[in-house]
Amino acid sequence: MGDYITELTYLHGYFPELSPVRMKLALLKAGLHAPEVTNACELGFGYGDSIVVNAATSSAAWYGIDLNPEHVAWARNLARSSGASIRLYEDSIVDFANRDDLPEFDFIVLHGVWSWVSPESRRAVVDFVRKRLRVGGVFYISYNTQPGWAPLTPLRELLTEHAERAGKNGTPLRDRVDAAIAFADRLLESDPAYAADNPGVAVRLAQIRKQNRNYVAHEYFNRHFSPMHFSEVASLLAAADLTYAGPANVGNVDAVTLTRSQRALLESIEDSTFREFVRDLLVDRSLRRDYWVKGPIAPLPHGDRSKLLRGTPFVALTPNPALHPRLRAALALNGGPGPEAYRRIVETIERHALTSLEAIEAALHPLEASLDQILDVVLLLGREEQLAPAQADNDIVAVRGQTQALNAQLLSRLRSGNGLDYLASPVTGTGVRVPVLHQSFLLALHLGESRPEAWVKLAGTIPPPQPGNEPPGSADRPGDPTQLLERARRFAEDELPVFRRLAIA
Ligand SMILES: C[S@@+](CC[C@H](N)C(=O)[O-])C[C@H]1O[C@@H](n2cnc3c(N)ncnc32)[C@H](O)[C@@H]1O
């Protein structure tokens, strides 16, 4: 096997944390100044779903690389449809880092790459960020971490070792993956002490058995695999003068992920690197997604964080946003807003197409909930994909033509089974998950069909997604025509107004 698998392509996937609008919210939550993004870059973009959508939904010029020719061809083809500013290179990180015809970037992102590439490629990432990210610019990185991976590392080693041996006679990777999984099954049947001491191993192997083989190949079968503690990553990134800014998954609010005593423990730790390391132990973390800032951290002046947070617009992504009772209970128990305040917060969100923390605060009784308590509810709704931050009006107007062109292309691809599970919203400045059935209704509307009966007819002609590209929920499609018509009518009443609000329909 080479440095990184190219024999099998990766999966499609969109990650909103790679968009400037989400970066800005996370930095604001952390009380930090966020840069304006004029030039942005994604390293190892895979099929390019994130970079293509993020280029269409923002006014920034995007640059991206991936070493797999099939990925790059696919991404270039889709990117052409939006008219957005996007340059896609078929290149390796090492060679790209040595180019001298690139601008200074305000935002560089790297998702699902760091833990699987060689130490040389990781050094090239750091070198690239050192040279190409401007001071005050933001670096996003996700990586596999500890302690979550500790019990599973031997399982992953077993799979790769088996596949490397089977690979000597030129067996295709897909078959070697199957053979390695079958061997791991046999090992577990022999009751090894490793599995008895680490019960999570059998659970993980059961998951792997059911997962898409392309995903499994990239996740478990690359030669290099190195889950790292936060402190190790921090010391490597220090060479690019990066300072930790905060988590990208802002929806994992402390009030529901940590107990009161855990929060008190963390608050007692002054050193931020050690605090993050301890935080990972508290939640048994296996994947981190973080933002880092180049140069010294720039805290917002006193009072600006609250002012900017209050003014940030949010838009509902579902007809009736609501938190699961379990989350509501966890919030209330951990010092979050009480049931009455929660009800008023959600009512305000429901009543307004676009809302803000300021508008929500105004709907509450004085002192009923603090700004950060309201923010926790909003961010949790965001984690559940029921609410998202919105861009400023002028940004929405500026990118609307690009998102319309991209969405028209994505919808037309449904007919060949090449649709994806999201569309681009100029309002949120991100991709928004849209089940294939709803996309077929939107396609019918786009073609001028205004009646649910006609939408159902068109939906019947949409083939199932290509194997390996089945979006979640794609099996969730009633076979019975009466039920399908009922679904289309409900869509017209409930979801369509939301898609209009998001400027997707
Ligand atoms: C696990 S995939 C993640 C893709 C995408 N970022 C995502 O999260 O969906 C890793 C990607 O990095 C690319 N890659 C791996 N090593 C690379 C290198 N040295 N230079 C450029 N791209 C690389 C692979 O081709 C692959 O598309």
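This is a predicted model: local features need pLDDT of at least 70, side-chain atom pairs count only at pLDDT 80 or more; totals for chains, interfaces and linings use all residues.
How do the residues of the lining of the second largest pocket divide into nonpolar, polar and charged?

1. Residues are numbered from 1 along each chain as its sequence is written, and side-chain values use heavy atoms, with hydrogens and water left out.

2. The ligand has 19 residues around it, and G44, D66, H71, I93 and H111 come nearest (near means a heavy atom within 4 Å). Look at the backbone here: G44 puts a backbone N or O atom 2.8 Å from a ligand nitrogen, and a backbone N or O atom of H111 also lies 2.8 Å from a nitrogen of the ligand. On its own the ligand has 600 Å² of accessible area, and the protein covers 96% of that (Shrake-Rupley method, 1.4 Å probe). The shell holds 8 nonpolar, 8 polar and 3 charged residues (Ala, Val, Leu, Ile, Met, Phe, Trp, Tyr, Cys and Pro count as nonpolar, Asp, Glu, Lys and Arg as charged, the others, Gly among them, as polar).

3. Now the second largest pocket, with a volume of about 1100 Å³. A pocket is an open set of points on a 1 Å grid over the protein atoms alone, where a 1.4 Å probe fits, with protein on both sides within 12 Å along at least five of seven lines; lining residues have an atom within 4 Å of a point. The volume is the space filled by probe spheres set on the points, which are joined across faces, edges and corners. Of its 46 lining residues, K29, P247, D254, E276 and R279 are the closest to the centre. As for the opening question, the lining divides into 20 nonpolar, 11 polar and 15 charged residues.

4. Check the peptide bond between Q146 and P147: it is cis, with omega about 10°. Most peptide bonds are trans.

5. Most residues other than glycine have a negative phi. D284 is partly exposed at 48% relative accessible area, and E385 is partly exposed at 38% (buried is under 20%, exposed over 50%, partly exposed in between, with a 1.4 Å probe and protein chains only).

Note on methods
A polar contact is a pair of N or O atoms within 3.5 Å; within protein, one must be able to donate a hydrogen and the other to accept it, and residues adjacent in sequence count only if both atoms are side-chain atoms.
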